[in-house]
Amino acid sequence: MMQAAPVKTLRLVGVFVLKAIYPGSFDPVTLGHWDLIQRAEKLVDRLVVAVLHNPGKNPAFSVAERVDFLRELVAPFPNVEVATFHGLLVDFARQENAQCIVRGVRAFSDFEYEFQMALMNRKLHPDLETLFLMPKEEFSVLSSRMVREVGTMGGDITGMVPELFRERIAHRLMNPAELG
Ligand code: PNS
């Protein structure tokens, strides 16, 4: 019986493209997300940053706004694209022919949730691997939820979100009714 060539060999001869999905809510994108995108982009051939379309949640930014922020950020990287998805992540990964998921773990407290999610995704799609990457230590307590909380109360979000969008993000968080 013919054996399939190992992934390493396929990569060496240039016929195998390692594609990863970096899923999340990104409501809004933080410097921690940005740090992770830059780390993941170096490891894989193609990276899809995938924004979950979750109508059940009460977001601060529309999916279109979150996608716009991310697209502006990743514009210099030709191997990174931004997409949205509904429903199960594994279905989106299949549709994209991706072999892995990238997730960030900031601290031990993230571990349980990430572990459960990775194992559930593996149960649903046994060939899909989850890669965990650690963002820079300075972002280990940073989350979109924290940014929303600080920004909504008028706190300074400098150093938490990309400077390019800081004012827009701060403005929206102070004026939530402006969400279309
Ligand atoms: O940035 P977040 O909010 O922690 O991202 C969570 C996300 C979007 C990765 C997760 O909620 C997700 O994958 N949702 C899609 C639904 C799904 O596939 N659920 C099964 C795995 S638990």
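Leaving aside its neighbours within four places in sequence, which residues is Ala 40 in contact with? Keep in mind as you look that this is a predicted model. The partners of Ala 40 are Ala 20, Tyr 22, Leu 47, Val 102 and Leu 133.

In soluble globular proteins, nonpolar side chains tend to be buried together.

Let us follow one of these helices, α3. Its 12 residues, at 1.5 Å a residue, should span 16 Å, and this agrees with its end C-alpha atoms, which are 16 Å apart. The buried residues of α3 are Glu 65, Arg 66, Val 67, Phe 69, Leu 70 and Leu 73. They pack against α2, β2, β3 and α7.

Now turn to helix α2, where you will find Arg 39. Is Arg 39 buried, partly exposed or exposed? Arg 39 is partly exposed, because 16 other C-beta atoms lie within 10 Å. Pro 135 is 96 residues away from Arg 39 in sequence, yet the two are 8.3 Å apart in space, C-alpha to C-alpha.

Next, find the ligand. Around the ligand are Pro 23, Gly 24, Ser 25, Leu 52, Leu 88, Leu 89, Met 117, Met 120 and Asn 121. Two elements, β1 and α5 (108-124), each give two or more residues to this shell, and α5 gives the most, with 3 residues. By type, the shell has 6 nonpolar residues, 3 polar and no charged.

Finally, look at some backbone details. The loop between β1 and α2 holds Pro 28, and the peptide bond from Asp 27 to Pro 28 is cis, with omega near 0°. Phe 26 is found in the loop between β1 and α2 as well; this residue has a positive phi of about 50° although it is not a glycine. Asn 97, in the loop between α4 and β4, has a positive phi of about 55° and is not a glycine either. Phe 26 is buried, because 23 other C-beta atoms lie within 10 Å, whereas Asn 97 is exposed, with 9 other C-beta atoms within 10 Å.

Note on methods
Residues are numbered from 1 along each chain as its sequence is written. This is a predicted model: local features need pLDDT of at least 70, side-chain atom pairs count only at pLDDT 80 or more; totals for chains, interfaces and linings use all residues. Two residues are in contact if their C-beta atoms, placed from the backbone, lie within 7 Å. Helices (H or I, at least four residues) and strands (E, at least two) are DSSP runs, numbered from the N terminus. The expected span of a helix is 1.5 Å times one less than its number of residues. A residue is buried if 20 or more other C-beta atoms lie within 10 Å of its own, exposed if 12 or fewer, and partly exposed in between; C-beta atoms are placed from the backbone. A residue is near a molecule or strand if its C-beta atom, placed from the backbone, lies within 6 Å of it. Ala, Val, Leu, Ile, Met, Phe, Trp, Tyr, Cys and Pro count as nonpolar, Asp, Glu, Lys and Arg as charged, and the others, Gly among them, as polar.
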